[in-house]
Amino acid sequence: EADNEKILKAAQLVRDEGIAEPILLGKKDKILKIIENNGLELQDCLMIDPFKEEEKREEYGAIYYKKRHRNGVSKEQAPKIMRDRNYFGSMMVETGEADALISGLTNEYPKTIKPALEIIGVGSGVKKVFGMYIMLDKKEPYFLADTTVCRNPTAEQLVDNVGILADRIKTFNITPRIAMVSYSNFGSSTGETPNKMKLATKLAKERYPN
């Protein structure tokens, strides 16, 4: 979403701090205009407009067709789908031409996550995906999950989430402390959700004693 002022300002910070080298997806003339209007220094970044990358769309389309042809995607459709920046960007990650995809500021959540699931997929042993938000507090960050994907997870899925979440938190050099949250406070209320969370907590302690 590089034709967005917020995204470009974030890209500038990321570059200045040496975190990453941005690849900007969108219309080049529009991106350059925003860069100029905001006094940014991103003119020499790689800029890609998927609509103009016919050869790349054909290449990515062939890979996508191979992955999804049994799910209703035709050979003719596949390259056209790659005009979408979320599909194009996900394919860049899948082929190793990018390390990560930042998206979702101007798109609905399903439009952002669907291409990633169809193209990149999930890690080994992962049965169900879930979403994670990071909330930055003055003292420390908080990681909230699942707040986006799985509407009503089972106790077993919640336990899986605990393991995956703990692994993600460790990548930030933070020792995870996990809380299972429901509307019941120390068993003050009963019902499907508190009972499920109670079971999930018990199972999580057994599986992940540390």
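**Reading a predicted fold**

Modeller: Start with contacts, meaning heavy atoms within 4.5 Å. Among contacts in the protein between residues at least 6 apart in sequence, 53% join residues at least 24 apart. This is a predicted model: local features need pLDDT of at least 70, side-chain atom pairs count only at pLDDT 80 or more, and totals for chains, interfaces and linings use all residues. Residues are numbered from 1 along each chain as its sequence is written, and side-chain values use heavy atoms, leaving out hydrogens and water.

Colleague: How many helices and strands are in the protein?

Modeller: Both are DSSP runs numbered from the N terminus: helices are H or I, at least four residues, and strands are E, at least two. Here there are eight helices and four strands. Their order along the sequence is α-β-α-β-α-α-α-α-β-β-α-α.

Colleague: What percentage of the 210 residues is buried?

Modeller: Buried means under 20% relative accessible area, exposed over 50%, and partly exposed in between (1.4 Å probe, protein chains only). In this protein, buried residues make up 30% of the 210.

Colleague: Which residues form the positive surface patch?

Modeller: A patch takes residues with over 30% relative accessible area and no salt bridge, joining like charges within 9 Å and nonpolar side chains (Val, Leu, Ile, Met, Phe, Trp, Tyr) within 5 Å. A salt bridge puts a side-chain nitrogen of Lys or Arg within 4 Å of a carboxyl oxygen of Asp or Glu. K27, K28, K30 and K52 form the positive patch.

Colleague: Why does K52 count as exposed?

Modeller: Because its relative accessibility is 71%. K52 lies in the loop between strand 2 (46–48) and helix 3 (54–68).

Notes. Areas by Shrake-Rupley, 256 points an atom, 1.4 Å probe, with all protein chains shown as cover. Lys, Arg positive; Asp, Glu negative; His and termini not counted. Charge placed at Lys NZ, Arg CZ, Asp CG, Glu CD.
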